[in-house]
Amino acid sequence: MKAFRFSALALAGAAVSSTALADNTDVYIRNGQIYSHENSFFVSAGAYQGSELYQGVDSKLRPFGNLGYNGKDFNASLANINYRFFGNDKDLFNLSVYLGSPGIALKDSDAAALGGIHERKLSGDLGINLDTQLGFGTLSTSVQHDVTNRYNGFIGQVRYAVPLNLGWGTVVPYAGVSYLSRDFTQYYFGVSKAEANKQHKDYQPGKAFTYNAGYKLIVPLSEHLELSQSSNFNYLDSAIA
C-alpha cells in the first residue's frame with residue numbers, strides 16, 4: 001500500500017429544478033456532503049485520476065458519471081443516499097441517516113503484484129451523520145457499519161468544510177480524519193494464511209487512522225449548467241500503508 005494517496009476529479013453537470021425557485025445554485029453542506037442546486041435533478045459526466053491504493057496497480061484516467069436528486073432533506077445519487085430526520089438549515093445541529101460505500105474493491109487480476117490475493121468486494125454501509133454549524137463552516141461527524149457482510153466492521157469520520165464564495169464560483173476546502181476498525185483493515189488490507197506466498201506474507205493489521213484534506217471547486221456556467229473540479233489528498237496509517 002501507499003502512505004500518501006492523491007485523487008482528482010473533473011465534472012461537467014446539468015441540473016433541472018423541480019420547483020419554481022430560480023436561485024437554487026448556492027453551494028452548501030448537508031448530511032455530510034457538498035451540494036449545489038437544491039430541489040433539482042442532476043446528471044454529470046467527467047474524468048477521474050489518482051494514485052492507486054495498492055502498489056503495483058497502474059494509475060489510469062477513468063471516465064466518471066453520476067445522476068440523482070438534491071432535495072431539502074432527501075438526497076440520492078449513484079454514490080450516496082441520505083435523509084435528514086432532525087433539524088433544518090437554521091439549526092445548530094442536523095442529524096441524517098445514509099447508505100453509502102467506502103468505494104474499495106480488489107481483484108488479483110488488477111496487477112501481477114496482487115497474485116494470490118482473494119477478491120475484496122465493494123461493501124454497502126448504513127450510517128448516521130451529525131452536521132454542526134461551527135464558525136464559517138460545517139463540522140460533519142459520522143459512523144457507518146457494513147450491512148452487506150463484506151468487512152463486517154465500522155468507519156468513523158470527522159470532517160470540517162467551509163464554502164467560500166469567489167464571485168465567479170465557490171470553492172469548498174475541507175480537512176478530516178477517519179477511524180477504520182480492525183475488521184475493515186483486515187478485510188481490505190490484510191493477508192490471510194491462505195493467501196500468503198513469496199510476494200505476500202501473512203499480515204493482520206489492527207485499527208487505523210487516515211487523514212485527508214482537499215477541496216471542491218464549483219463554477220456555474222448558467223442557471224442549470226456548471227463545471228466542478230475536486231482534489232483530495234490522503235495520508236494513510238502505517239498499519240495499512
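Tyr188 is buried, with a relative accessible area of 1%; buried means under 20%, exposed over 50% and partly exposed in between, using a 1.4 Å probe and protein chains only. Keep in mind that this is a predicted model, where local features need pLDDT of at least 70, side-chain atom pairs count only at pLDDT 80 or more, and totals for chains, interfaces and linings use all residues. Residues are numbered from 1 along each chain as its sequence is written, and side-chain values use heavy atoms, with hydrogens and water left out.

**Exercise 1. Find the aromatic partner of Tyr187 and name the geometry of the pair.**

Step 1: Start with the rule. Rings of Phe, Tyr and Trp (its six-membered ring) pair if their centres lie within 6.5 Å; planes under 30 degrees apart are stacked, over 60 edge-to-face, and the rest tilted.

Step 2: Searching the whole structure gives 10 aromatic pairs. One of them is Tyr187 with Tyr188, 4.8 Å centre to centre and with 80 degrees between the planes, so it's edge-to-face.

Step 3: Now zoom out. Tyr187 and Tyr188 belong to one aromatic cluster with Tyr151, Phe184 and Phe189.

**Exercise 2. Locate Asn31 and Asn152, and say whether each is buried, partly exposed or exposed.**

Step 1: Asn31 sits in the loop between strand 2 (28-30) and strand 3 (33-35). Strands (E, at least two residues) are DSSP runs, numbered from the N terminus.

Step 2: Asn31 has a relative accessible area of 3%, so it's buried.

Step 3: Asn152 is in the loop between strand 10 (137-146) and strand 11 (154-161). Its relative accessibility is 39%, so Asn152 counts as partly exposed.

Step 4: Check the backbone too. Most residues other than glycine have a negative phi. Asn31, not a glycine, has a positive phi of about 55 degrees, and phi of Asn152 is near 55 degrees.

**Exercise 3. Trace how strand 5 connects to strand 6.**

Step 1: Two strands pair if DSSP finds at least two bridges between them. Three bridges join strand 5 to strand 6 (residues 74-77), and they run antiparallel.

Step 2: A hairpin links them through three residues, and Asn70 stands opposite Asn75 in strand 6.

Conventions:
Helices (H or I, at least four residues) and strands (E, at least two) are DSSP runs, numbered from the N terminus.
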